[in-house]
Amino acid sequence: MAPPALSGSAVRFRRVLSQFPQELSLAFAYGSAVFPQAGAAAAHPEDNMLDFVFAVDDAVTWHMMNLLKNRSHYSFLKVFGPKQISTVQSYGAGIYYNTLVPCNGRIIKYGVISTDTLIDDLLHWKTLYVAGRLQKPVKILTQNENSKLQAALVSNLKSAVTAAFLMLPESFSEEDLYMQIAGLSYSGDFRMVIGEDRSKVQNIVKPNVTHFQKLYSNILQDCPQVVYKHHLGRLEIDKSPEGQFTQLMALPRTLQQKITSLVDPPGKNRDVEEILMQVAHDPDCGFVVHQGISGIVRSSSIVQSAKTILTAGAKKSIRYSMKKLYKMTKGWLRKTS
């Protein structure tokens, strides 16, 4: 489903991948070093950190092998062994990051997530952390024949389109859609207030509209709820209560639960379908959906960021945070100049 990355990058990625245990169900690269972005990240893309995610069937075994190959990548947690590292991995978004790692002349960051946890997030948006990454263009480096994982990857993209439809007006541009989709995993993320360039979503989408089109065009063409005027770059959707109810019923389970908890007073315990029908008739339906997504992202981003102190160690955590603040400041200065 992923579009090609920048020309000539395949060899570089293969060299990085060769440094790690090969028992991967999925590996992908993402971020400003893989796909061009506007803003501060565009100035010297070759200096940007390369970001990777590795999905593994057995996290304990994978960390054990990686400790033998790349022990220096880990913080002080390495002394506790692969079982404890995997336990720490399971908290928050279920992903363990090693960051600011020198590799083949570049600085990289890589996250390790269990295949089952990834599939759960893709299908149900339990944390919308890695699922959110995969709603934007990424470079797939390797993927095994896991049919459940492949189906979950497609389901995640369809869910992103559905959620975006609920927050958009009746008629909108393709770029509006992709801006809404790219912003899903940043809704409620406290790092967008402290540590990230606040123009990040726009910086991701504008230079990469063609990559978003490759990711979503088939889904849009097959979707019965949208009129996709590809030649005009415009879309029209059904904003009737019946249309919105159909979309709400198709949302991932965790988001439906968040929405019902926002709308249903404690103690009433109404049926989910009844509550979603009420939301479908609400003029603020899109805002309620946005609040539900923000609730998912907020809690997972806070726990995941707190984990960084353990997984990266205090020194690397400070360095990584300073890099983020530097990028945010450059973005802010560019907007005000």
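A salt bridge is a side-chain nitrogen of Lys or Arg within 4 Å of a carboxyl oxygen of Asp or Glu. The views below come from a predicted model, in which local features need pLDDT of at least 70 and side-chain atom pairs count only at pLDDT 80 or more, while totals for chains, interfaces and linings use all residues. Residues are numbered from 1 along each chain as its sequence is written, and side-chain values use heavy atoms, with hydrogens and water left out.

**View A. Salt bridge between Asp51 and Lys109.** Among the five salt bridges that the structure holds is the pair Asp51 and Lys109, whose closest N and O atoms are 3.9 Å apart. This pair links distant parts of the chain, since Asp51 belongs to strand S2 (residues 50-56) and Lys109 to strand S4 (residues 106-114), 58 residues apart; strands (E, at least two residues) are DSSP runs, numbered from the N terminus. Asp51 is buried, with a relative accessible area of 10%, and Lys109 also counts as buried, at 9%, where buried means under 20% relative accessible area, exposed over 50% and partly exposed in between (1.4 Å probe, protein chains only).

**View B. Salt bridge between Asp264 and Arg270.** The closest N and O atoms of Asp264 and Arg270 lie 2.9 Å apart. Asp264 counts as buried, because its relative accessibility is 12%.

**View C. Network of Asp264, Arg270 and Glu274.** The side chain of Arg270 also meets that of Glu274 in a salt bridge, with 3.6 Å from N to O, and salt bridges link Asp264, Arg270 and Glu274 in a network. Glu274 is partly exposed, because its relative accessible area is 42%.

Definitions and conventions:
Helix = DSSP H or I, 4+ residues; strand = E, 2+ residues; numbered from the N terminus.
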